[in-house]
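Good morning, and thank you for the time.

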Amino acid sequence: MTDLNLEQVRDTMVAVAHEAGRMMLAANPADIPSDTKLNAVDIVTEADQAIERMVAAKLSAAFPSVAFMGEETYKPGMKLGPEPTFVVDPIDGTTNFIHGFPNACISLGLAVDRTPVVGVIYNPWQELLFTAVRGQGAFMTRGSRDATPRRLPLAATARPLTTLGESLVAVEWGSVRDGPNFDVKVETFRRLGASKALGGAMVRSMRSLGSAALNLAAVAAGELDLYWEGGCWAWDVCAGWCILAEAGGRVVSGNPGDWEPAVDGRVYLAVRGAPSGQREIVEEFWGVMGDGRMDYSS
């Protein structure tokens, strides 16, 4: 697939992630100038931009032949190609970051042939590190970098997936709060949460961690059963996709019928690893959506 030493790439990413974490912890969000992109909930801070500059410099110096795609340097029309590409979100969960809510992270992915092959996610506030290399499993380290990594999923024996009614599901509101995609989200949230008497799935509950990368990592760990999202980008999911796949989970489309979505497809449904029930619960979820479909192609 590539002549890159993927273990070396992972180790370099981990070092870069720890440096980014120190930058996040040193920042005082109340004093950091911020701006909005699309609207008041689509936020970028100087910390996002400074961390991305550092990450790009470090990774490019270590691996000059690898392309780079980052959230803060993305230009409309840029596409993720087949060439080895670092896919980076310097702070995933910027809204959490500026509010001092300790659920944000750096997300570092490497894609080759448009497939995630290395993933590193680091939340410095909780000293929580997730890593994966394709074909070598996924791991979580909590605490200092000398702590013993735990293989994912965390449970010694993964539980089968049964029904949505026995599931904990992650969802996010996203930054676009109007239009047909928002209508699909709201209606799907309603159907997921509603009682059986109202024709709903009555999931056990829904969670919003405020970070696509951390949602995916929690599914990989087996702490969440599913994560449904529309509107995020390749840099939000690339690292987490690799980690989830190495933990026995999978990503399908968040729209019914597509079992093999592109990493930059922008509509996703992530399912944890399980000895049985993955396909059935995906089909049940798609059934809850009915005719609803999200379209972020424009």
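I shall speak about the domains, the contact between them, an annotated site, and some individual residues.

Please keep in mind throughout that this is a predicted model.

I begin with the overall division of the chain. The contact draws 40 residues from domain 1 and 26 residues from domain 2.

How much area do domain 1 and domain 2 bury between them? The figure is about 2,400 Å², and 68% of it lies on carbon and sulfur atoms. On the side of domain 1, the residues that lose the most area to domain 2 are Pro116, Ile121 and Phe130, which together account for 21% of what that side buries.

Let me turn to the polar side of this contact. Between domain 1 and domain 2 there are nine residue pairs in polar contact, with both residues at pLDDT 80 or more. Five strands each supply at least two residues of the side of domain 1 that touches domain 2: β3 (67–70), β4 (85–92), β5 (105–112), β6 (115–123) and β7 (128–133). Of the elements on that side, β6 gives the most, with seven residues. By class, the side of domain 1 that touches domain 2 comprises 21 nonpolar, 13 polar and six charged residues.

How many salt bridges are counted between domain 1 and domain 2? The count is one salt bridge. Asp264 forms a salt bridge with Arg114, and their closest N and O atoms are 2.8 Å apart. In general terms, side chains of opposite charge can pair when their charged atoms come close.

Arg114 is placed in the loop between β5 and β6, and its phi is near 60°, a positive value in a residue other than glycine.

The structure as a whole holds ten salt bridges. One of them joins the side chains of Glu19 and Lys58, at 3.6 Å from N to O. This pair links distant parts of the chain, with Glu19 in helix α1 (residues 6–26) and Lys58 in helix α2 (residues 46–62), 39 residues apart.

I come now to the annotated site. In an unreviewed entry, UniProt places the feature "binding site" at Glu71, Asp89, Ile91, Asp92 and Asp236. These positions are spread over 166 residues of sequence, yet they cluster in space, the largest C-alpha distance being 9.6 Å. Among them, Ile91 lies in strand β4.

My last point concerns a peptide bond. Is the bond from Leu152 to Pro153 cis or trans? The bond is cis, with omega near 0°. Pro153 is found in the loop between β9 (150–151) and β10 (168–170).

Thank you for your attention.

Terms used: Residues are numbered from 1 along each chain as its sequence is written. This is a predicted model: local features need pLDDT of at least 70, side-chain atom pairs count only at pLDDT 80 or more; totals for chains, interfaces and linings use all residues. Side-chain values use heavy atoms; hydrogens and water are left out. Contact means heavy atoms within 4.5 Å. Buried area is the accessible area (1.4 Å probe) that two parts lose on being put together, summed over both. A salt bridge is a side-chain nitrogen of Lys or Arg within 4 Å of a carboxyl oxygen of Asp or Glu. A polar contact is a pair of N or O atoms within 3.5 Å; within protein, one must be able to donate a hydrogen and the other to accept it, and residues adjacent in sequence count only if both atoms are side-chain atoms. Helices (H or I, at least four residues) and strands (E, at least two) are DSSP runs, numbered from the N terminus. Ala, Val, Leu, Ile, Met, Phe, Trp, Tyr, Cys and Pro count as nonpolar, Asp, Glu, Lys and Arg as charged, and the others, Gly among them, as polar. UniProt positions are given in the numbering used here, feature names are shortened, and annotations may be inferred rather than shown by experiment.
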